Amino acid sequence: MRRRDMIAGAGTSLLVSPSIAAESTRIPAELPDGTRQIARFVNLPDKRRMLRLVDRPPNYAAPVNVFTDIVTPNDRFYVRYHLAGVPSAADMDDWSLSVAGDAVERPVRLKLSDLLDMPSNEVLAVCQCAGNRRGFCDPHVPGVQWTDGAMGSAVWRGPMLRDVLRRAGVKPEAMEVWFDGADKPVMQATPPYRKSLPIDKALDGDTIVAIAMNNAPLPLLNGYPARLVVPGWVGTYWMKHLTAIEVSSVPLRNYWMQTAYRVPAGLFPVQHPFQSQATETTVPITELVVNSLIADPLEGDEVDRSGFTISGVAWDRGGGINRVEVSIDGGHSWQDALLDRPLGRYSYRRFILQTNLMRPGTYQLISRATTNAGERQAERLKLNPGGYHNNVPRPVAVVVT
Amino acid sequence: VKRRLVAMLGAGFGAAIGGATLCRGVLAADDPAPLKPGAGEDVTSAQCSACHSSDYIVMNSSFLTPDGWKAEVTKMRTAFGAPIDDSTAAEIVSYLASNYAAAAKPSAPAPSRNESVRQ
């Protein structure tokens with residue numbers, strides 16, 4: 001079998017010692033035919049072997065073997081841009097962050113050194129695109145045809161957003177906080193990528209302005225020099241290259257809030273509804289749904305009949321994973337996997353299951369996670385026009401020899 | 001747990017950023033898939049590639065119906081402000097429908113069911 005988990009014996013933390021796993025070379029068969037034509041593994045500046053879906057604007061997924069680790073290395077962290085005007089590192093040389101809006105006492109402009117001087121918070125959190133696994137939706141839904149690699153987990157560090165906002169003074173009438181980044185549209189008429197958060201989520205101590213990712217500066221393609229980190233919420237709110245914050249007494253009205261990134265009202269229950277952006281028919285997509293993924297073995301792997309280890313990760317909106325079940329027979333029967341210790345509300349929870357002696361043949365491995373609140377992964381896709389929140393357990397076919 | 005993580009991660013952030021080499025260039029040369037030859041390929045390529053590479057088109061084939069492609073072109077014009085006039089848009093839709101659409105199935109509904117737009 002493959003040599004994996006070569007971290008054994010290393011004196012350092014599990015978090016900073018990536019395991020050596022076989023690299024996934026497969027383009028998943030469930031993707032649309034056209035996606036399978038263009039998708040290929042490429043190297044980028046600061047990125048290694050990422051699955052290219054679109055080069056402009058850049059959209060690259062991590063291969064599934066990356067998720068054998070609880071922390072995703074920076075050079076394997078997925079890349080997602082909506083607009084092709086991606087800034088260069090040189091563009092960020094004189095970066096600053098303005099904090100203004102009708103609901104602040106006094107607008108301020110902060111430099112990177114100001115953020116470095118502020119008390120910082122650290123959060124190990126999963127950043128996952130709302131459209132992760134869209135490419136596996138049946139029927140297919142237009143958009144970036146993501147595999148299950150439009151996500152990653154990192155230790156994010158930087159000042160709490162609420163401390164940044166307090167530098168400008170938040171007025172009582174604050175309803176939302178609006179965000180803008182340095183990435184820009186090509187056409188002037190294209191709506192710039194701006195997003196907002198409800199004031200409560202903005203003031204949550206785990207919502208931070210990250211200036212470090214896994215103890216290093218953010219890679220350019222992940223939002224250097226500063227990005228918003230919104231643990232438990234989908235990646236669309238994690239504004240990259242954050243340049244402007246406005247605290248506002250009214251909702252942000254633009255394409256990216258009112259039209260894009262919305263789901264039918266009631267389809268995906270959340271703990272804290274984004275009321276100021278809700279309509280009778282649709283609501284913004286916000287909190288992650290419970291999900292899991294088998295990262296080892298990989299689709300098509302040959303595994304040993306005398307027993308092998310199935311491992312992967314499970315995650316949710318922050319309530320915690322209570323149970324991960326694994327099936328080796330395509331979902332007919334299930335066994336409880338062992339769960340590694342939790343490393344924080346918003347991190348991946350690692351699971352493993354050791355198999356017993358098996359007859360040779362092809363087996364369908366499936367994992368399904370349940371949260372502390374009793375939410376389990378959907379058995380059938382909750383169809384929605386954006387192809388969001390695909391958390392249907394996904395079989396991994398292996399050959400036992 | 002957070003505090004423990006910090007301790008484990010150890011090294012000071014100031015050193016990390018000070019020592020970083022930030023000479024990042026543009027993305028490596030990485031040609032997108034060419035569009036299929038055919039009537040309307042030139043105008044489709046010229047108009048669409050102003051904002052995104054042809055990967056987006058090929059990636060979304062071939063499951064969109066001709067009506068699905070029409071909806072996408074309309075979205076680019078109305079939501080994203082692409083400066084494409086009616087007759088040019090019709091040429092693009094015709095090209096996409098001929099080269100990148102699913103065979104028409106009576107059971108396949110148009111994807112636009114409400115105000116949501118996928119990203």
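Buried means under 20% relative accessible area, exposed means over 50%, and partly exposed is in between, with a 1.4 Å probe and protein chains only. By that cut-off W146(A) is buried, at 0% relative accessibility.

Two notes on the model. It is predicted, so local features need pLDDT of at least 70 and side-chain atom pairs pLDDT 80 or more, while totals for chains, interfaces and linings use all residues. Residues count from 1 along each chain as its sequence is written, chains are lettered from A and ligands numbered from 1 in written order, and side-chain values use heavy atoms, without hydrogens and water.

Now the rings. Phe, Tyr and Trp rings (for Trp, the six-membered one) pair if their centres lie within 6.5 Å; planes under 30 degrees apart are stacked, over 60 edge-to-face, the rest tilted. That rule gives 14 aromatic pairs over all chains. Take Y78(A) and W146(A). Their centres are 6.1 Å apart and their planes at 85°, so this pair is edge-to-face. The two residues are 68 apart in the chain. Y78(A) is buried too, at 7% relative accessible area.

Next, W156(A) and W238(A). This pair is edge-to-face, with 5.5 Å between centres and 70° between planes. Both residues are buried. Where does this lead? Ring pairs join F77(A), Y78(A), W146(A), W156(A) and W238(A) into a cluster.

Last, charges over rings (NZ of Lys or CZ of Arg within 6 Å of the ring centre and within 35 degrees of the ring normal). K240(A) sits over the face of Y81(A), 4.3 Å from the ring centre. In chain B, K36(B) lies over Y100(B), at 4.8 Å.

Conventions:
Helix = DSSP H or I, 4+ residues; strand = E, 2+ residues; numbered from the N terminus.
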